[in-house]
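Dear colleague,

Please find below the structure that I am handing over to you. My notes on what was found in it follow directly after.

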Amino acid sequence: MTVATAVHVRLFARLRELAGSDAETIEVPAQSTVEDVYRALRTRHPALSEDLGSVRPAVNQEFADWDVIVGGGDEVAFIPPVSGGATNAVGVLFEVTTEPLDPRRLEKAVAHSRAGAICTFTGIVRDSSRGRTVTHLEYEAFAEMATNQMRKIADEIGQKWPEARVAMIHRTGRLEIGEASVVVSVSAPHRAEAIEACRWGIDRLKETVPVWKKEHASDGTYWIEGDQAVQSQ
C-alpha cells in the first residue's frame with residue numbers, strides 16, 4: 001500500500017493568478033521531493049510554468065532546493081522571481097505593512113549613542129517604467145517569510161559591518177505615484193560604513209525578500225520579475 005504525504009502549498013503573485021488559487025493541500029507519495037510536489041500541482045493547474053528555473057521553492061519559510069524531501073504537514077511555497085556565525089549587528093525593526101511608511105520612524109529605531117551616521121534609502125513609486133506610463137502599483141508579499149529574510153540580511157550586514165544597526169520595512173497593497181514602497185535605514189559609527197551597508201541592504205532585499213510588484217500601466221498590468229515585465233492574466 002502506498003503511503004501518502006499531505007503538504008500545504010502556497011502560491012504568490014503571478015503563480016497565484018495562473019493557478020487561480022493561493023493555497024491548497026496536495027497529497028504525494030512518501031519521500032516525495034519539492035519537485036514532485038510542483039509536478040503534482042501542475043497536473044491540477046497546467047498553466048503553471050514547466051520551467052523550474054522560473055520558480056523558486058521554499059519549505060517552511062526557508063528557501064529550499066528542488067530535491068529536498070517533504071514531510072507530512074510541511075508548508076511548500078512556490079515563488080516567482082522577486083522585483084542567509086555570530087554577529088554584533090542589531091536588527092531592530094522588520095515589517096511588512098499596508099500602512100504608509102515613515103522613514104523617520106526607522107531612523108529613530110536605529111539611532112544610538114555610538115552611531116555617528118545614519119543612512120536611509122526610501123523607494124518611491126514613479127509614474128513611468130520601461131517606456132510605459134504607470135498609474136499605480138500593487139505589492140504582494142509572503143509576509144512571514146519576508147520578515148525572516150530581512151532578519152537574515154541584517155545578520156549578513158553584521159558580518160560585514162559589525163557595529164551596524166538595521167531596520168527594514170516594505171509596504172503592500174495599492175500604492176499611488178509618489179508614495180514610499182520600501183525603507184531601509186542603517187546606523188554605523190562612520191558615514192562610509194552606514195552608506196555602504198544601506199546600499200548593500202536594499203540590494204539584498206530586492207534579491208531575496210519575497211515581495212512582488214504589479215505595475216498598472218497605460219497598456220495593461222504587468223508583474224515585475226527580476227528585470228522582466230510579465231503581463232498579468
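Glu 138 has Lys 214 in S13 as its bridge partner. The two strands concerned, S9 and S13 (residues 211–217), run antiparallel and are joined by seven bridges; strands count as paired if DSSP finds at least two bridges between them. Strands here are DSSP runs of E with at least two residues, helices are runs of H or I with at least four, and both are numbered from the N terminus.

Before going further, please note that this is a predicted model, in which local features need pLDDT of at least 70 and side-chain atom pairs count only at pLDDT 80 or more, while totals for chains, interfaces and linings use all residues. Residues are numbered from 1 along each chain as its sequence is written, and side-chain values use heavy atoms, with hydrogens and water left out.

S9 also pairs with strand S11 (residues 173–176), in the antiparallel sense and over four bridges. In that pairing, Leu 137 stands opposite Leu 175. With S8, strand S9 forms a further antiparallel pair over two bridges, where Ser 129 faces Arg 132. S8 and S9 make a hairpin with two residues between them. Arg 130, in the turn, has a positive phi of about 55 degrees although it is not a glycine. Its relative accessible area is 43%, so Arg 130 is partly exposed; the scale calls a residue buried under 20%, exposed over 50% and partly exposed in between, with a 1.4 Å probe and protein chains only. Seven of the ten residues of S9 are buried, so this strand is largely enclosed by the rest of the structure.

A positive phi occurs at Gln 61 as well, near 70 degrees. Gln 61 is found in the loop between strand S3 (56–59) and strand S4 (62–63).

Not counting residues up to four places away in sequence, Met 168 touches several residues, including Phe 94, Met 150, Val 184 and Leu 205; contact means heavy atoms within 4.5 Å.

Thr 97 lies in strand S6 (residues 90–97) and counts as buried, at 16% relative accessibility. Its side chain reaches the backbone nitrogen of Glu 99 at 3.0 Å. Leaving aside neighbours within four places in sequence, Thr 97 is in contact with Ile 169, His 170, Arg 171 and Thr 172.

For the protein as a whole, there are five helices and 15 strands. Buried residues make up 49% of the 233 residues. The C-alpha atoms fill a box of roughly 65 × 50 × 25 Å, taken along the principal axes.

With kind regards

Methods
A polar contact is a pair of N or O atoms within 3.5 Å; within protein, one must be able to donate a hydrogen and the other to accept it, and residues adjacent in sequence count only if both atoms are side-chain atoms.
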